[in-house]
Amino acid sequence: MTMRLLPEWHPQDAVQLTWPRSDSDWAPLLERIEATLEAMVVAITRYQRVLISVPDHSTHERLTATFHYHGVPMERLILIEAPADDTWARDHGPIAVDRDGDIVLLDYEFTGWGGKFPARQDNALTGRLRAASVFKAQVVSRDLVLEGGAIETDGQGTLLTTEACLLNPNRNPKFERQAIESRLKEDFGVERVLWLTQGHLEGDDTDSHIDTLARFCDPQTIAYVRCDDKDDPHYPALAAMQKELEALRQPDGTPYRLIPLPWPRPCFDPEDGHRLPATYANFLIINGAVLVPTYGDAADTQALDVLATAFPGRDIVPIDCRSVIRQHGSLHCLTMQLPLGTLSEFSAFR
């Protein structure tokens, strides 16, 4: 049996989103985050389908009308009523692997980033979607705490991650590094695990998810966050992370092509003034396009231009994520790609 962890640029059936409840942590910002999610759905459905878990029937009906008004093709919109605690589909969604030519969805334990937030319903969401016959792919439960934002792959046997997250005792306290690595290799069919020991963003609740710091753009290329401001408190750790990335090698021994992403001006919460984790690394690759978070900053245009060089042939689509970072995530964190061969026939959900 051969296993392969699929890269984000693998052809996709859909992108999974989880719509916020009106009584969730998003309540004070509900109108703003819904507007951002609506913009994402409109953008994504230009290229492919979107699967949205909604909290109740009234939300289902409202979103159907909203997206019809926006001109979204209804055949590209799948709405499923399933309760959730929060919106971060990257971390409570399933992780797809190719097993002997078939898609298998691995359903890991999600504990709210080490018990920081309620996660019981989030953890049950993939099972609810399976029970609703959304997935054609087999769903396999895994007894390991793991979030999708914690791992990156080149699709060719290499996995990139951070020690701060995967080795944090708030996730899998019984597992040391070697044991975690063995589980990752067994589950994903990867041959190498590359660990970063440096890099963090203030305001990040995830204990340094890799998708906020460094991302594979193709098997030879890594885009990463670089801080050029020596007076910024992030500078020492991100400079050290850059040196780690420069020392990494591809399987054939050659260095990776490294693409530095710009550093936006600090973003602060307007209520209590704490710093928010604005990062251009939190982009989303879909069929034919890359969605890029923007923050109303002068560096936005530079980030779009830089990522256009990393993804020739794909449209670069900006999404204003100033509302998203208010809850300490960004664009990629809200999404989970579902590879081609994941979903049941769409007609079942009309």
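## Salt bridges

A salt bridge is counted where a side-chain nitrogen of Lys or Arg lies within 4 Å of a carboxyl oxygen of Asp or Glu. The model examined here is predicted. A search of the whole structure by that criterion gives 19 salt bridges. One of them pairs arginine 49 with aspartate 13, whose closest N and O atoms are 3.4 Å apart. This pair links distant parts of the chain, with arginine 49 in strand β3 (residues 49–54) and aspartate 13 in strand β2, 36 residues apart. Arginine 49 counts as buried because its relative accessibility is 19%, and the value of 9% places aspartate 13 in the buried class as well.

The side chains of arginine 171 and glutamate 147 also meet in a salt bridge, at 2.9 Å from N to O. Here, too, distant parts of the chain are linked: arginine 171 belongs to the loop between α6 (163–166) and α7 (177–188), and glutamate 147 to the loop between β7 and β8 (152–153), 24 residues apart. Arginine 171 and glutamate 147 are both buried.

## A bridge within a helix and a network

Glutamate 181 forms a salt bridge with lysine 185, with 3.5 Å between the closest N and O atoms. Both residues lie in helix α7, four residues apart, which is about one turn of the helix. How do the accessibilities of glutamate 181 and lysine 185 classify them? At 18% relative accessibility, glutamate 181 falls under the 20% limit and therefore counts as buried. Lysine 185, at 32%, lies between the limits of 20% and 50% and so counts as partly exposed.

Salt bridges also link Glu8, Arg90, Glu152 and Arg215 in a network. Arginine 215 has a further interaction: its charged end sits over the ring of phenylalanine 283, 4.3 Å from the ring centre.

## Aromatic pairs

A pair of aromatic rings is described by the distance of the centres and the angle of the planes. With ring centres required to lie within 6.5 Å, the count comes to eight aromatic pairs. Tryptophan 26 and tryptophan 88 form one that is tilted, at 5.8 Å centre to centre and 45 degrees between the planes. The pair connects distant parts of the chain, since tryptophan 26 is in the loop between β2 (12–18) and α1 (30–44) and tryptophan 88 is in the loop between β4 (77–81) and α3 (89–92), 62 residues apart. Both tryptophan 26 and tryptophan 88 are buried.

The pair of phenylalanine 110 and tryptophan 113 is edge-to-face, with centres 5.1 Å apart and planes at 85 degrees. Phenylalanine 110 is classed as buried because its relative accessibility is 4%; tryptophan 113, at 6%, is buried too. Ring pairs join Phe110, Trp113 and Phe117 into a cluster.

## A three-stranded sheet

Three strands form an open sheet in the order β16-β17-β18, with mixed pairing. β16 (284–286) and β18 (315–320) stand at the edges, and each has a single partner strand, so one side of each is left without a neighbour in the sheet. From one strand to the next, the twist averages 25 degrees.

β16 runs antiparallel to strand β17 (residues 289–294), and three bridges join them. Isoleucine 286 has alanine 289 in β17 as its bridge partner. Helix α1 packs on the sheet, where it touches β16, β17 and β18, and its direction makes about 165 degrees with that of β18.

## Two individual residues

Glutamate 34 lies in helix α1. With a relative accessible area of 10%, glutamate 34 is buried. Apart from its neighbours within four places in sequence, glutamate 34 is in contact with Trp19 and Arg62.

Is lysine 136 buried or exposed? Its relative accessibility is 55%, which means that lysine 136 counts as exposed, the limit being over 50%. Lysine 136 is placed in the loop between α5 (120–131) and β7 (138–145). Leaving aside neighbours within four places in sequence, lysine 136 is in contact with Gly341, Thr342, Leu343 and Ser344. Between lysine 136 and threonine 279 there are 34 Å from C-alpha to C-alpha, and the two are 143 residues apart in sequence.

Note on methods: Residues numbered from 1 in each chain as written. Predicted model: local features only at pLDDT ≥ 70, side-chain atom pairs only at ≥ 80, totals over all residues. Heavy atoms only, no water. Phe/Tyr/Trp six-rings, centres within 6.5 Å; stacked < 30°, edge-to-face > 60°. Helix = DSSP H or I, 4+ residues; strand = E, 2+ residues; numbered from the N terminus. Buried < 20%, exposed > 50% of the residue type's maximum accessible area, 1.4 Å probe, protein only. Lys NZ or Arg CZ within 6 Å of the ring centre and 35° of its normal. Pairing = 2+ DSSP bridges. Axes fitted to C-alpha atoms, helices over the stretch in contact; angles between N-to-C directions. Contact = heavy atoms within 4.5 Å.
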